[in-house]
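Hi,

Here is the structure I promised to pass on.

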Amino acid sequence: MRAIGVVEFGGPEQLRVVDVSEPHPGPGEVRIRVHAAAVNPTDLGFCAGMRRELLRDMPPPHVPGMDAAGMISEVGKGAPWTIGDEVMAVVVPTARPHGGAYADHVVVPAESVVRIPAGADFAGASTLPMNGLTAWLALEMLGLSVGQTLAVTGAAGAVGGYVVQLAKVAHLHVIADASQKDEPLVRNLGADELVRRGDDVADRIRGLVPEGVDGVVDGAVLNGLVAPAVRDGGGLVVVRGWSGEPGRGITVHQVGVVAQVRNTGALERLRQVAGDGAVTLRVARVLPASQAAEAHRMLAAGGVRGRLVLDFSR
């Protein structure tokens with residue numbers, strides 16, 4: 001079976017087409033014939049060796065990819081799916097023995113799978129599970145109420161964009177950062193107010209809300225630089241493990257998606273809001289699976305809006 005993986009950790013040049021054994025589902029699992037796999041920043045870190053400790057007992061090749069969309073191709077005992085169902089799933093690339101989503105077939109727990117949103121194609125659906133779940137969990141951690149104010153950094157990115165749109169579904173007041181060229185995009189996502197992105201974004205947010213916002217979701221990974229934007233006793237959600245102490249009673253929340261990959265209820269809610277049009281599935285470009293290295297180079301270079309997607313359908 002074809003997969004795209006790394007034998008040695010490193011940059012995009014280490015990605016190559018590899019032949020691996022075809023997986024089969026166990027009880028409570030399903031196999032998906034992958035048609036599309038989204039390319040995420042976490043995939044770059046995976047290939048660079050950031051998860052090497054979790055992979056030390058697994059022989060290479062190591063296959064990245066946390067988002068898949070395709071069709072059910074085999075059903076394990078007790079799994080509530082039917083061959084041919086069109087689905088999307090969150091995938092854990094360090095899971096034994098199956099690996100990540102960059103493959104013709106991937107095996108996942110049935111709880112990590114939901115149908116693709118109404119009106120979506122496989123490429124669009126593949127951009128939602130992991131990024132959408134990250135955004136969903138971030139807002140759940142903050143626990144803001146209707147009318148409270150949320151600031152979002154990295155709002156033009158995939159996670160940040162989903163945060164903006166899900167926050168509007170929850171009737172929050174949203175302040176989002178944007179470069180000048182991204183302002184139309186972020187406004188269309190539903191942000192109520194915009195500030196220019198950058199390391200001084202906390203000052204710009206305080207210019208709009210002098211007392212500080214109720215919560216921040218930091219998709220731009222500014223960490224301590226954005227903490228001053230939060231009011232005393234507010235919340236800050238970080239996406240890459242920052243454990244600083246901003247003081248003033250601010251709670252720092254760290255999103256851990258892997259621990260929530262079986263959260264079927266959240267995935268189903270994401271499917272519904274995407275199908276209703278409240279959340280926009282943003283595909284930057286679809287590339288053949290064999291061009292995974294090029295997709296990684298493009299993502300690493302920055303400036304990608306939406307998600308690059310690998311096509312495994314051929």
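To get you started: is His171 buried or exposed? His171 is exposed, at a relative accessible area of 53% (buried means under 20% relative accessible area, exposed over 50%, and partly exposed in between, with a 1.4 Å probe and protein chains only).

Before the rest, a word on how to read this. It is a predicted model, where local features need pLDDT of at least 70 and side-chain atom pairs count only at pLDDT 80 or more, while totals for chains, interfaces and linings use all residues. Residues are numbered from 1 along each chain as its sequence is written, and side-chain values use heavy atoms, with hydrogens and water left out.

Back to the loops. His171 sits in the one between H4 and S9 (helices are DSSP runs of H or I with at least four residues, strands are runs of E with at least two, and both are numbered from the N terminus). Although His171 is not a glycine, its phi is positive, at about 65°. Val221 is another non-glycine with a positive phi, about 60°. You'll find Val221 in the loop between strand S11 (213-218) and strand S12 (230-238), and at 27% relative accessibility it counts as partly exposed. Also worth a look is the peptide bond from Pro60 to Pro61, which is cis, with omega near 10°; Pro61 belongs to the loop between H1 and strand S4 (67-75).

Asp104 is in the loop between S5 and strand S6 (105-109), and it is buried, with a relative accessible area of 12%. Setting aside residues up to four places away in sequence, Asp104 touches Met1, Arg2, Ile32, Arg33, Val34 and Phe312 (contact means heavy atoms within 4.5 Å).

Now the cores. A nonpolar core here is a set of buried Ala, Val, Leu, Ile, Met, Phe, Trp, Tyr and Cys residues joined through side-chain atoms within 4.5 Å. The largest one has 50 residues, and Leu150, Val163, Val164, Ala176 and Val186 touch the most other members. Elements giving it two or more residues include strand S8 (149-153), helix H4 (158-169) and strand S9 (173-178). H3 supplies the largest share, seven residues. Another core, of 41 residues, lies apart from it, with Ala37, Leu55, Val113 and Ala292 among them.

The axes of H3 and H4 come within 8 Å and cross at roughly 50° (axes are lines fitted to C-alpha atoms, for helices over the stretch in contact, and angles run from 0 to 180 degrees between N-to-C directions). That makes H3 oblique to H4 (under 35 degrees is roughly parallel, over 145 roughly antiparallel, 65 to 115 roughly perpendicular and the rest oblique). On the H3 side, Asn131, Gly132, Thr134, Ala135, Trp136 and Leu139 meet Ala158, Val159, Tyr162, Val163, Leu166 and Ala167 in H4.

In the other pair, helix H1 (residues 41-48) packs against helix H8 (residues 292-301) at about 110°, with axes 10 Å apart. H1 and H8 are therefore roughly perpendicular to each other. Here Pro41, Asp43, Leu44 and Cys47 from H1 meet His296, Leu299 and Ala300 from H8.

Cheers
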